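Reader: Could you walk me through how the helices pack in this model, with the cut-offs spelled out?

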Amino acid sequence: MSQHRHPGAPGRAGAVPALPDLPEATVARLPEYLRALHNLAEAGHETVSSEGLAGAAGVNSAKLRKDLSQLGSYGTRGVGYDVTLLIEQIEYVLGLTQRRAVALVGVGNLGHALAGYDGFASRGFRIAALLDADRSRIGEIINGLVVRHVDELPRVAAEESIAIGVIATPAAAAQGVADQLVAVGVTSILNFAPCVLSVPEGVDVRKVDLAIELQILSFHEHRKASLTALPAAGGSGLTALPGRLAATDTQEAIGT
């Protein structure tokens, strides 16, 4: 993490005067910009052009400039963006100027891997508690933390000022865990369980389903394979979906 000075401090060019109301798509891209900026800072770069930062973050430069302009950062013509200042601005907007405490519920294979991931600390988060309902796991030490029973969540939440809950349980247990997290005042949840959670208004849930991501990639693989298998010019290039008749020509395919 960088040394933090409040981005709204007087006399700082491009300072963020107040927390902006950003579109969700912009918020989703800010962590990518931040990752790229940290890499640039570690490599010794003091400034970066919009094209250079966009390339490092995997977006187009026009979109990046629009996103950063909403933070009050426009860069300097012929110079680019001040890397350190931009890190400060983005970290401020993302609320990373304080390290947020996270409770991880479910220490099976996935939960165990998440608990041992050192990258959270460098991104502004602290795994403060590990909890599980399986009493055979209680007392296990993972990455220096003792696994506690999920029934201790109210005490843990108060002791550690838990800001975010991470659910890495089987799907059948996830809703109950979400309810427990909400009951102790946690209003931000990251859900790795393959299910949809029902939460009250004001509670934010982000869902990470690795199987869904693989299925999306499978679609792209399927599409690429179908394109390479297109018939010679003159054919319709269309195949039938399961349970439907194949189109014999373009007219049939479009219903004419």
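This is a predicted model: local features need pLDDT of at least 70, side-chain atom pairs count only at pLDDT 80 or more; totals for chains, interfaces and linings use all residues.

Reader: Which residues of helix H3 are buried?

Author: Buried means under 20% relative accessible area, exposed over 50%, and partly exposed in between, with a 1.4 Å probe and protein chains only. Helices (H or I, at least four residues) and strands (E, at least two) are DSSP runs numbered from the N terminus. In H3, residues 61–69, the buried ones are Ser 61, Leu 64, Asp 67 and Leu 68.

Reader: How are these residues placed around the axis of H3?

Author: The arc is taken from the directions from the helix axis to the C-beta atoms. Theirs is only 120°, so they lie on the same side of H3.

Reader: At what angle do the axes of H1 and H3 cross?

Author: Axes are lines fitted to C-alpha atoms, for helices over the stretch in contact, and angles run from 0 to 180 degrees between N-to-C directions. Angles under 35 degrees count as roughly parallel, over 145 as roughly antiparallel, 65 to 115 as roughly perpendicular and the rest as oblique. H1 and H3 are therefore roughly perpendicular. Their axes come within 11 Å and cross at roughly 105°.

Reader: Which residues of H1 and H3 make the contact?

Author: From H3 come Lys 63, Leu 64, Asp 67 and Leu 68. H1 brings Thr 26, Arg 29 and Tyr 33.

Reader: Is Arg 29 buried or exposed?

Author: Arg 29 sits in helix H1. Beyond its neighbours within four places in sequence, Arg 29 is in contact with Val 59, Lys 63 and Asp 67. Its relative accessible area is 18%, so Arg 29 is buried.

Reader: Which residues does Ser 50 touch, not counting those up to four places away in sequence?

Author: Ser 50 belongs to helix H2. At 9% relative accessibility, Ser 50 is buried. The residues Ser 50 touches are Ser 61, Leu 64, Arg 65 and Tyr 81.

Notes. Residues are numbered from 1 along each chain as its sequence is written. Side-chain values use heavy atoms; hydrogens and water are left out. Contact means heavy atoms within 4.5 Å.
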